[in-house]
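Visitor: I am new to this structure and would like a friendly tour. Could you show it to me and take my questions as we go?

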Amino acid sequence: MTENLPPCPECSSTYTYQVDALLTCPECGHEWSLQAEAEAEIRDSVGNVLRDGDTVTVIKDLKVKGSSSVVKVGTKVRGIRLVEGDHDIDCKIPGIGQMGLKSQFVKKVSE
């Protein structure tokens, strides 16, 4: 058995094994499905899979919380970083600075 299985999401153990459709961790007893691993992808507003380092464009005007600034439609953001949480993209927006965006308000740019 030389297949590479992902580590346990609970304890990060590398000793996971597969039983039918579930992955099991022998150290903490956590069980999860391979389906859940595949659904963890972050997608843009039209369904393209996003990756770290991608370039995206903003699809609607976004107000910057705590400021009178607005991120305009069509603003191109280079070198995004994907993170966990509600605002799942960390990026540096030209003219505004570091901020978090929701993937539902961006579209991947093919370069």
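Visitor: Which residue in the hairpin of E9 and E10 takes a positive phi?
Guide: Keep in mind that this is a predicted model. The hairpin of E9 and E10 has 3 residues between the strands. A positive phi near 85° is found there, and the residue that takes it is Gly95.

Visitor: How many bridges join E9 to E10, and which residue stands opposite Ile93?
Guide: E9 and E10 run antiparallel, and 5 bridges join them.

Visitor: Which residues of strand E9 are on its covered face?
Guide: In a regular strand the side chains alternate between the two faces of the sheet. Strand E9 covers residues 89-93, and its uncovered face has Asp90 and Lys92. That leaves the covered face with Ile89, Cys91 and Ile93.

Visitor: Which residue in the turn between E8 and E9 has a positive phi?
Guide: Strand E8 (residues 81-82) runs antiparallel to E9, joined by 2 bridges, and Arg81 stands opposite Asp90 in E9. E8 and E9 form a hairpin with 6 residues between them. The residue in that turn with a positive phi, about 120°, is Gly85.

Visitor: Which element gives the largest share of the lining of the largest pocket?
Guide: The largest pocket has a volume of about 200 Å³. Its lining includes Leu62, Lys63, His87, Met99 and Phe105. Two elements give two or more residues to this lining, strand E5 (62-63) and strand E10 (97-101). The largest share, 3 residues, comes from E10.

Visitor: Which residue in E3 stands opposite Thr24?
Guide: Strand E2 (residues 22-24) runs antiparallel to E3, and 3 bridges join the two. Thr24 has a facing residue in E3, and that residue is Glu31.

Visitor: Is Thr16 buried or exposed?
Guide: Thr16 is in the segment before strand E1 (17-19). Among the residues Thr16 touches are Leu5, Cys8, Thr24 and Trp32, and its side chain reaches the backbone oxygen of Pro6 at 3.0 Å. Because its relative accessibility is 10% and the cut-off is under 20%, Thr16 counts as buried.

Visitor: And Ser12, is that residue buried or exposed?
Guide: Ser12 also has its place in the segment before E1. Ser12 and Cys25 are 13 residues apart in sequence and 9.1 Å apart in space, C-alpha to C-alpha. Because the relative accessible area of Ser12 is 54% and the cut-off is over 50%, Ser12 is exposed.

Notes. Residues are numbered from 1 along each chain as its sequence is written. This is a predicted model: local features need pLDDT of at least 70, side-chain atom pairs count only at pLDDT 80 or more; totals for chains, interfaces and linings use all residues. Side-chain values use heavy atoms; hydrogens and water are left out. Helices (H or I, at least four residues) and strands (E, at least two) are DSSP runs, numbered from the N terminus. Buried means under 20% relative accessible area, exposed over 50%, partly exposed in between (1.4 Å probe, protein chains only). A polar contact is a pair of N or O atoms within 3.5 Å; within protein, one must be able to donate a hydrogen and the other to accept it, and residues adjacent in sequence count only if both atoms are side-chain atoms. Contact means heavy atoms within 4.5 Å. Two strands pair if DSSP finds at least two bridges between them. On a 1 Å grid over the protein atoms alone, a cavity is a set of points where a 1.4 Å probe fits but cannot get out, and a pocket is an open set with protein on both sides within 12 Å along at least five of seven lines; lining residues have an atom within 4 Å of a point. Grid points are joined across faces, edges and corners, and a volume is the space filled by probe spheres set on the points. Lists of a residue's contacts leave out its neighbours within four places in sequence.
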